[in-house]
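Please look over the protein shown below before reading on.

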Amino acid sequence: KWFPVADPIALLEKIRRRSCIVDRQRVAADFASIVRQLKPLQAQLNADTKFNVSDARNAANIMMGLQKALQNTYTFYNGYDPLFTWWVPVTYDSLKTQMEAYAATFRKVAEKNAPKKDTSGIVGYPIGREELIRQLNYELINYTPEELIRIANKEFAWCDKEMLKASQEMGFGTDWKKALEKVKQSYVPPGEQPAAMVDLYDQSIKFLKQKDLITIPPLAEETWRIVMMSPRQQLVNPFFYGGEEFAVSYPTNTMDFDAKMMSMRGNNPHFSRATVHHELIAGHYLQQFMNERYRYYRNFDTPFWTEGWSLYWEMLLWNEGFPRSHADRVSLLYWRMHRCARIIFSLNYHLGKWTPQECVDFLVDRVGHERANAEGEVRRSFVGGYSPLYQVAYMMGALQFMALKNEIAKSGKMTLKQFNDAVMQENNMPIEMLRNILENEPIKSDYKTHWKFYDLP
């Protein structure tokens, strides 16, 4: 209801794309009309008490599209078409100013209507159970939010059991947090983090090739690169991110002592043993490399496929013996606990049961996060522009891939390497659809999710 002006803008862009002659006086009249329509809409928006953060994000995307379309049209004709240049510029400037003011109003109203900040200072917008279920159905996830929390707790229990075993083997008995603290102390000195990460990459690539787990194109190995994350980026994402550009998290000289220590401890080489191959190969960069080369028209950009695939490799390499020491096992378990925790805190938040501060405390107490890293993780989850299901997608996507791998391997249809290669050649889609393709199952036009990939008691 906030964009009744979209149609004339879209029509003008459609005409412009084929270099057609426009009615210049009509364009000026349309622009003046849009200005007149936006002013009362802006007043209505200022008085709206239900407009929220999620609405503001959607509105921002729409506004960017409309503003870009107007700019495209203006720069295409202005200065080239004499009549357009005579009729339109002054009215366009008024429209541009009004559009900018309208866009700013969306943000201001959302901030005004946002829930009050708790002690964490983090403000998001819980979407509620009904919207969670709608989005789960859209992603073809055949479980309720409550069932997903049960799955996460069951996986967490496995992590707890394995973590206690590793802690005992390190000589810390049942005090796994002491074992975790020991691992955190393995951080490298300033200036040595990039080289340490390249060494971890070399180890993971060597392991993948020795086990012959997946096809790795030489060009994919050649074309990724390292950058360093800024202090500002680390406030939202305290750990690494990856793809063709592998961003390494480590403190800079501008950060205070406590922030430096938390960043160094939270990104030590043992912890990074899982994140390097998660972000590069066979994780995100191999995904991106293959997505550009196989069935690009199928790229649905679902986080269950994107993040699920990278976490699937953490699980698979655990099973294949990639951790070399008790400290490696503690670190890989730490990350898997982190993925379980993401489901629990994000769904409880969106169900209206937990505050952001409770989410931060949960990550610190239950997973062993540094507090600043926990705050960054929660801030990223709720105000970083991610979908409400993004944090759920890591573990649930990985469990889907593991279930599908077991199903395909059990039938003898493919070897493990053939399965992994096949996934990379079908592109990014809901994993239940990938299952239908690999199992050659017919798909009806009114398809609804039905796959139960995880057994609940």
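## Aromatic rings

Ring pairs join F31, Y74, F76, Y77, F84 and Y92 into a cluster, where rings of Phe, Tyr and Trp (its six-membered ring) are taken to pair if their centres lie within 6.5 Å, and where planes under 30 degrees apart count as stacked, over 60 as edge-to-face and the rest as tilted. This is a predicted model, in which local features need pLDDT of at least 70 and side-chain atom pairs count only at pLDDT 80 or more, while totals for chains, interfaces and linings use all residues. Residues are numbered from 1 along each chain as its sequence is written, and side-chain values use heavy atoms, with hydrogens and water left out.

A search of the whole structure finds 31 aromatic pairs. The pair of Y74 and Y92 is stacked, because the ring centres are 3.9 Å apart and the planes stand at 5°. Y74 belongs to helix α3 (residues 53-77) and Y92 to helix α5 (residues 89-113), so this pair ties together parts that are 18 residues apart in sequence. Both Y74 and Y92 are buried, a word that here means under 20% relative accessible area, with exposed meaning over 50% and partly exposed in between (1.4 Å probe, protein chains only).

F207 and F322 form an edge-to-face pair, with 5.1 Å from centre to centre and 65° between the planes. Since F207 lies in helix α9 (residues 193-211) and F322 in the loop between α15 (303-319) and α16 (326-350), the pair ties together parts that are 115 residues apart in sequence. F207 is buried, with a relative accessible area of 13%, and F322 is also buried, with a relative accessible area of 2%.

## Overall form

The protein has 21 helices and two strands; helices (H or I, at least four residues) and strands (E, at least two) are DSSP runs, numbered from the N terminus. Along its principal axes, the C-alpha trace of the protein spans about 80 × 50 × 45 Å. The radius of gyration is 25 Å, which agrees with the value near 23 Å that a compact globule of 457 residues would have; it is taken over C-alpha atoms, and the globule rule is 2.2 Å times the number of residues to the power 0.38.

Of the 457 residues, 52% count as buried. Among contacts (heavy atoms within 4.5 Å) between residues at least 6 apart in sequence, 74% join residues at least 24 apart.

## Backbone details

Most residues other than glycine have a negative phi, and most peptide bonds are trans. The peptide bond from I281 to A282 is cis, with omega near 20°, and A282 is found in the loop between α13 (269-279) and α14 (284-291).

R295, a residue other than glycine, has a positive phi near 50° and is found in the loop between α14 and α15, where R295 is partly exposed with a relative accessible area of 34%. N427 likewise is not a glycine and has a positive phi of about 75°. N427 is found in the loop between α20 (416-424) and α21 (431-438), and N427 is buried, with a relative accessible area of 0%.
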